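Open the model in your viewer and get ready to colour a few selections. We will visit a sheet and then a pocket.

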Amino acid sequence: GDSNMTIYKFRPRYTSKDTSSVSPGNDSYSVLWSFSICCFRAGCSSKIRFLISTITMLALWVATNNVSSIIGIIESQSPLQAHRQSYGYVDLPKWKWRSLKEHYKRVHSTPRNTVFPSSPVGVSTWYKSNVGVDFTCSEEHLLLDYWWICNPRHLNLKRRCTVYSSGPPNSLAVEHALEELLPSCEIHLFDPLNKAYTGNVLNKKIRASRIQSHPWGFAERERKGSNSFNVTIDLNTIKGTMKKLGHSQVDLLLLYCNGCEWTLDFSEIQQVLVVVKGIQNMDWFGDMNKNNYVLFHKEPIEVFGTAEK
């Protein structure tokens, strides 16, 4: 910039001496004092400047001699490990993230009871005793009083966010609530019962929304199926659906499918909100754990009858 500006560069003056009898602490004090006196002689005549210089260098000396402790404190407060290992859903200090992982291990230290309950009361008791919440989401949102979503803010900040919903029959309330909560996400409705249609015409609310409707449901393989009214419906796998729609990842799946949940492959889904009815597969919960899923909410719901989610 300015050609008249003078840049001063200082370098320390070294003196050969025997350091065998001088401790690092004492040497640091001498450097600190020499720097302060140098500043004084160079024109820092103000006693206040001299004091500030001394205190500053003392602070630097303390920091230098305790650098490992300071680094440890910084690392323990850093959220980077939690952010990376949770795929961005959790930003917690390292020490708290470690505590959550230890809680997860404690919850799963007791083997599950693998004897099928013989009554609805037994099913409820089994869930209470064998399926425990093993994780806490620090940012969660309750959707329509019964769907808990972990960190919707993270989903909205993603460059591309994809949501699949195969929600309760005869209602589009869930999908419209998702659309409002996640304005940055693509919302895909899987609708084998054609609830998005009135006759052969797409529902006006769907046409005016960002929701994309697809006329099939989910199953363990691509096939024809039937609903409780013996109406033939089209079914596809999650991976087959993703390939068909050109999706490499699904960030959130909201699923109510009256039994298909026990046979689906969720490995391409980051967050699953699912209603399970009864118990059809004792290994299902263990398989979810093996695929690195954690359970951050579990409660019985009456709105869909006797079920857990």
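Start by selecting the five strands that make an open sheet, in the order 7-4-3-11-12, with parallel pairing. Strands here are DSSP runs (E, at least two residues) and helices are runs of H or I with at least four residues, numbered from the N terminus; two strands pair if DSSP finds at least two bridges between them. This is a predicted model, where local features need pLDDT of at least 70, side-chain atom pairs count only at pLDDT 80 or more, and totals for chains, interfaces and linings use all residues. Residues are numbered from 1 along each chain as its sequence is written, and side-chain values use heavy atoms, with hydrogens and water left out.

Next, colour strand 7 (211-214) and strand 12: each stands at an edge with a single partner strand, so one side of each has no neighbour in the sheet.

Now zoom in on strand 4 (residues 185-190), which pairs with strand 7 in the parallel sense over four bridges. Pick His188 and you will find Gln212 of strand 7 opposite.

For the last stop, show the lining of the largest pocket. A pocket is an open set of points on a 1 Å grid over the protein atoms alone, where a 1.4 Å probe fits, with protein on both sides within 12 Å along at least five of seven lines; lining residues have an atom within 4 Å of a point. Of its 45 lining residues, select Gln270, Asn292, Tyr293, Val294 and Leu295, the closest to the centre. Then return to strand 12, which gives the largest share of this lining, six residues.
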